[in-house]
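The sequence and structure come first, and the notes follow.

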Amino acid sequence: MSEVSFVAGGGANSIGCSFYRLKLGDFYLGVDWGGGYDSIYDEPQYNGPLDALLISHGHHDHAAMVAKLHRKYPELKIFAT
């Protein structure tokens with residue numbers, strides 16, 4: 001069986017910077033990647049590999065980092081509603 005891991009980051013105690021990373025074997029899937037409302041969230045809060053990104057909906061706290069992630073990971077596949 002392939003290795004599976006899950007990381008939940010941001011958004012726990014406030015609205016903003018919600019992101020999740022699911023590792024399925026050698027495939028890394030991000031789910032939502034929002035931005036916060038102050039300067040500490042100017043960059044995505046994750047530095048590991050990322051193959052695809054799923055955005056659940058277009059609110060700022062779920063989708064604000066999409067453009068920055070695409071620049072950081074040019075081959076990133078993005079799926080959104």
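Which side chain does the side chain of Arg-21 join in a polar contact? The side chain of Ser-5 is the partner, at 3.1 Å; a polar contact is a pair of N or O atoms within 3.5 Å, where within protein one must be able to donate a hydrogen and the other to accept it, and residues adjacent in sequence count only if both atoms are side-chain atoms. This is a predicted model, in which local features need pLDDT of at least 70, side-chain atom pairs count only at pLDDT 80 or more, and totals for chains, interfaces and linings use all residues. Residues are numbered from 1 along each chain as its sequence is written, and side-chain values use heavy atoms, with hydrogens and water left out.

**Overall fold**

- The protein has two helices and five strands, taken as DSSP runs numbered from the N terminus (helices H or I, at least four residues; strands E, at least two).
- Along the sequence these elements follow the pattern β-β-β-β-α-α-β.
- Of the 81 residues in the protein, 36% are buried (buried means under 20% relative accessible area, exposed over 50%, partly exposed in between, with a 1.4 Å probe and protein chains only).
- Among contacts (heavy atoms within 4.5 Å) between residues at least 6 apart in sequence, 43% join residues at least 24 apart.

**The sheet**

- The five strands form an open sheet of mixed pairing, in the order β1-β2-β3-β4-β5; two strands pair if DSSP finds at least two bridges between them.
- At the edges are β1 (4-9) and β5 (77-80), each of which pairs on one side only.
- From one strand to the next the twist averages 15°, with axes as lines fitted to C-alpha atoms (for helices over the stretch in contact) and angles from 0 to 180 degrees between N-to-C directions.

**Strand β2 and its neighbours**

- Six bridges pair β1 with β2 (residues 19-24) in the antiparallel sense.
- In this pairing Ser-5 stands opposite Lys-23, and Gly-9 stands opposite Phe-19.
- β2 is also joined to β3 (residues 27-33) by six bridges, again antiparallel.
- The two strands β2 and β3 form a hairpin with two residues between them, and Gly-25 in the turn has a positive phi of about 65°.
- Phe-19, Arg-21 and Lys-23 make up the covered face of β2, whereas Tyr-20, Leu-22 and Leu-24 make up the uncovered one.

**Arg-21**

- Arg-21 is found in β2, and its bridge partner in β3 is Gly-30.
- Arg-21 is buried yet has no salt bridge, which would require a side-chain nitrogen of Lys or Arg within 4 Å of a carboxyl oxygen of Asp or Glu.
- For Arg-21 the nearest side chain of opposite charge is Glu-3, 7.3 Å away; Lys and Arg count as positive and Asp and Glu as negative, while His and the chain ends are not counted.
- Not counting residues up to four places away in sequence, the residues that Arg-21 touches include Phe-6, Val-7, Tyr-28, Leu-29, Tyr-46 and Leu-50.

**The salt bridge**

- The count of salt bridges comes to one.
- Glu-3 forms a salt bridge with Lys-23, with the closest N and O atoms 3.4 Å apart.
- Glu-3 lies in the segment before β1 and Lys-23 in β2, so the pair ties together parts 20 residues apart in sequence.
- Glu-3 counts as exposed because its relative accessibility is 52%, whereas Lys-23 is buried, with a relative accessible area of 10%.
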